[in-house]
Amino acid sequence: MTKKPDISKKEEMAFLMALEVIMEFEGFRDHIYYCPGGYKTIGYGHRVKEGESFSVPLSKQEGLKLLKNDLREVVNQIKNAITNKSVYNRLTDYQLTALYDFVYNVGIDNFKKSTLLKKLNAEEPSVVVADEFMKWVWSNGKKLNGLIMRRAGEKELFLMNTKSSRLNTKKEQ
């Protein structure tokens, strides 16, 4: 029996919210297609890996299973990428949801190189960090309306209930 990873209620809530957000933005396709970034994709935005094959049409149940597995990986990647653990611990469930959706869409390598992550680790105010989402609206040199809407949604989520968040202001000197 494998041990279930220790996750907080906040992370669990963010995971469930992110599933809904991702399903809404990605939509479902029961066959392999090429996303705007040029990647082979199926289900709710699952990037097909080398050697993977699927029964087509893919069922929504199988698509959800792929999404949950992919999202679990994203959660761990984000946890490792945020090197300032006090910042990670102060993130709200809404902020985690925004980050989960963002990284699911742009990938962990892009997140690791992003100014968004740098500002997050540097404990910049939430409003400053949130502005970084809107820089990620391009795919293959084209500004996409779908990405504009997605980033606006992530930004809005990231700023929800942050008035009381300690991330909203830099640490007192």
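**Close-up views of a predicted model**

**View 1. Surroundings of I82.** Apart from neighbours within four places in sequence, I82 is in contact (heavy atoms within 4.5 Å) with V87, Y88, L91, L99, L117, L120 and N121. The model is predicted: local features need pLDDT of at least 70 and side-chain atom pairs count only at pLDDT 80 or more, whereas totals for chains, interfaces and linings use all residues. Residues are numbered from 1 along each chain as its sequence is written, and side-chain values use heavy atoms, with hydrogens and water left out.

**View 2. The nonpolar cores.** A nonpolar core is a set of buried Ala, Val, Leu, Ile, Met, Phe, Trp, Tyr and Cys residues joined through side-chain atoms within 4.5 Å; buried means under 20% relative accessible area, exposed over 50% and partly exposed in between, for a 1.4 Å probe and protein chains only. In the largest core, of 35 residues, those touching the most other members are I78, I82, L99, Y100, F111 and F158. At least two residues of this core come from each of α1 (9-26), α2 (60-81), α3 (85-90), α4, α5 (108-113), α6 (115-121), α7 (126-131) and α8 (145-159). Helices are DSSP runs of H or I with at least four residues, numbered from the N terminus. Helix α4 supplies the largest share of this core, eight residues. I42, V48, F54 and L58 are among the five residues of a second, separate core. In soluble globular proteins, nonpolar side chains tend to be buried together.

**View 3. L66 in helix α2.** L66 belongs to helix α2 and is buried, at a relative accessible area of 11%. Beyond neighbours within four places in sequence, L66 is in contact with I42, H46, F54 and L58. Y44 is 22 residues from L66 in sequence, and their C-alpha atoms are 8.0 Å apart.

**View 4. Q95 in helix α4.** Q95 is found in helix α4, residues 93-106, and is buried, with a relative accessible area of 0%. Its side chain makes a polar contact with the side chain of S126 at 3.3 Å. Such a contact is a pair of N or O atoms within 3.5 Å; within protein, one must be able to donate a hydrogen and the other to accept it, and residues adjacent in sequence count only if both atoms are side-chain atoms. A polar atom of the Q95 side chain also lies 2.9 Å from the backbone nitrogen of T92.

**View 5. Helix α1.** The buried residues of α1 are E11, A14, F15, M17, A18, L19, V21 and I22, and they pack against α2, α3, α4 and α8. Just after α1, G27 takes a positive phi of about 70°.
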